[in-house]
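I opened the model to look up a few places in turn. My notes follow in the order I took them.

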Amino acid sequence: MPPAAERRNNQVTRVQRLIEAKGLKAEEAAIVSKPSNIFYLSGYTGEGLVVVSKGLQAIVTDFRYVEQAGQEAPGFQVLSIEGSVSHLQKAFEACKPQGVQTVYYEDDEWTVRVFDKAITIFEGMELTPLGNVIERLRKTKDEDEITRIEAACKISGESFERILPRIHEGMTEKELARILEFDMLEHGADKMGFAVIAAAGVNGSKPHAVPSDYRIRRGDMITMDFGAKVKGYTADMTRTVALGTPSDEMRKVYEVVQTAQVMAQDAVKAGANGAAVDAVARDYINAQGYEGRFGHGLGHSLGIDVHEEPRLSMLSKDILKENQLITVEPGIYLPGIGGVRIENTVVVEKYGCRSLITPTRELIIL
């Protein structure tokens, strides 16, 4: 099937899912303004809005993006604003002939100022929060989405393995991050799913450290957290390696994190409780004497955004389902000493899970 036809089929399916999930009636419409939700429904990556009702699927944009919208979203009508007409006014003009009486909007995306303007523009129509209906639909991935994420994970893992011989004493964290990013771009990534993390030595104690001018020393543990983005979907993986022989303490930390990661990943399957899977890793880390040093959740889903639902955490109430994606990323962070994190992205299956990240979880000493 030609790519345009495949996109059109995906769009029809996802729009229909939204209509059914929200129970949209003939006199109701939804305005979608989050870029990730716009992309999910339509495949469109430019600026603007998406308007969905039973009789209308349209992208509202401006002259700069009209051609792009037509190419990326062949199943959608493209409406271009002109002159002083705003995106919301154009959306209103599209809804009015449809007899729309209720307009659902993304209340976690609109500002108070936008909402105040919308009240004036959508005269005679009721504005009602859409809630997280689209995000709930995005929890479970279809075959196309999994294929894209798998491709992104493959690029990420292979780039990691390629750049290992290039890590050397005196290299800065910034240099390492740039080399890793460039390799992913050179080998098929469209862009990065998020800013590359490269944290060496004592900086490893900061889970989301920003690469700095710190120069890597022999004996340092080096944590790299990164993910290529392919066709709109991101990978996410973390590996911690050592340049030269690490201290006995950091080697022990690595062994504890590695064991916790393996145990927790083995606990991932359809029907598993997010908090229970988190507890597998957390209880083990605590029992090894590192209570309080694993301060974030065990994992999160990903896709168009790097952080999506469901989650693995102490507070999670999620029950995992087949074809959901989840990261498994325990860590131990010791201020003034360093840290270790190991992360795989996995696909939830009926009786277990399948890792999309292939590089070894064993300690690599360079």
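**Entry 1, M192.** I looked up M192 and found it in strand β7; strands here are DSSP runs of E of at least two residues, helices are runs of H or I of at least four residues, and both are numbered from the N terminus. The model is predicted, so I note that local features need pLDDT of at least 70, that side-chain atom pairs count only at pLDDT 80 or more, and that totals for chains, interfaces and linings use all residues. Residues are numbered from 1 along each chain as its sequence is written, and side-chain values use heavy atoms, with hydrogens and water left out.

Is M192 buried or exposed? M192 has a relative accessible area of 14% and is buried (buried is under 20% relative accessible area, exposed is over 50%, partly exposed is in between, with a 1.4 Å probe and protein chains only). I then listed what M192 touches, leaving aside neighbours within four places in sequence: E181, M184, L185, G227 and K229. Contact means heavy atoms within 4.5 Å. I also checked A235, which is 43 residues from M192 along the chain; their C-alpha atoms are separated by 8.8 Å.

I took α8 next, residues 173–186. Its 14 residues should span 20 Å at 1.5 Å a residue, and the end C-alpha atoms are 20 Å apart, which agrees. The expected span is 1.5 Å times one less than the number of residues.

Which residues of α8 are buried? I found E173, L176, A177, I179, L180, D183 and M184. Seen down the axis, these buried residues fall within an arc of 165°, so they line one face of α8; the arc is that of the directions from the helix axis to the C-beta atoms. R178, F182 and E186 are exposed, on the face of α8 turned away from the buried side. The cover over the buried residues of α8 includes α7 (143–163), β7 (191–192), β8 (197–200), β9 (221–226) and β10 (228–230). Just after α8, I noted that G188 has a positive phi of about 120°.

Two packed helices are described by the angle between their axes and the distance between the axes. For α7 and α8 I read an angle of about 130° and axes 9 Å apart. Axes are lines fitted to C-alpha atoms, for helices over the stretch in contact, and angles run from 0 to 180 degrees between N-to-C directions. α7 and α8 are therefore oblique to each other (under 35 degrees counts as roughly parallel, over 145 as roughly antiparallel, 65 to 115 as roughly perpendicular, and the rest as oblique). On the α7 side the contact is made by I155, S156, S159, F160, R162 and I163, and on the α8 side by L176, I179, L180, D183 and M184.

I listed the buried residues of α4 (residues 87–95) as L88, A91, F92, A94 and C95. Their arc around the axis is only 160°, which puts them on the same side of α4. Among the elements covering them are β1 (28–32), β2 (49–53), β3 (56–61), β4 (77–80) and α5 (112–121).

I followed α5 from there. The axes of α4 and α5 cross at roughly 35° and come within 10 Å, and the crossing is right-handed. L88, Q89 and F92 of α4 meet V114, A118 and I121 of α5.

Most residues other than glycine have a negative phi, and most peptide bonds are trans. I looked for departures. K231, in the loop between β10 and β11 (233–234), has a positive phi near 50° and is exposed at 56% relative accessible area. N323, in the loop between β14 and β15 (325–328), has a positive phi near 70° and counts as partly exposed at 36%. The peptide bond from E309 to P310 is cis, with omega near 5°; P310 lies in strand β14 (residues 308–312).

I ended at F294, in the loop between α10 (274–290) and β13 (299–301). F294 is buried, with a relative accessible area of 4%. Apart from neighbours within four places in sequence, F294 contacts R282, I285, E329, P330 and G331. P207 is 87 residues from F294 in sequence, and the two are 9.6 Å apart in space, C-alpha to C-alpha.

Definitions and conventions
Left-handed = near helix turned anticlockwise from the far one by under 90°.
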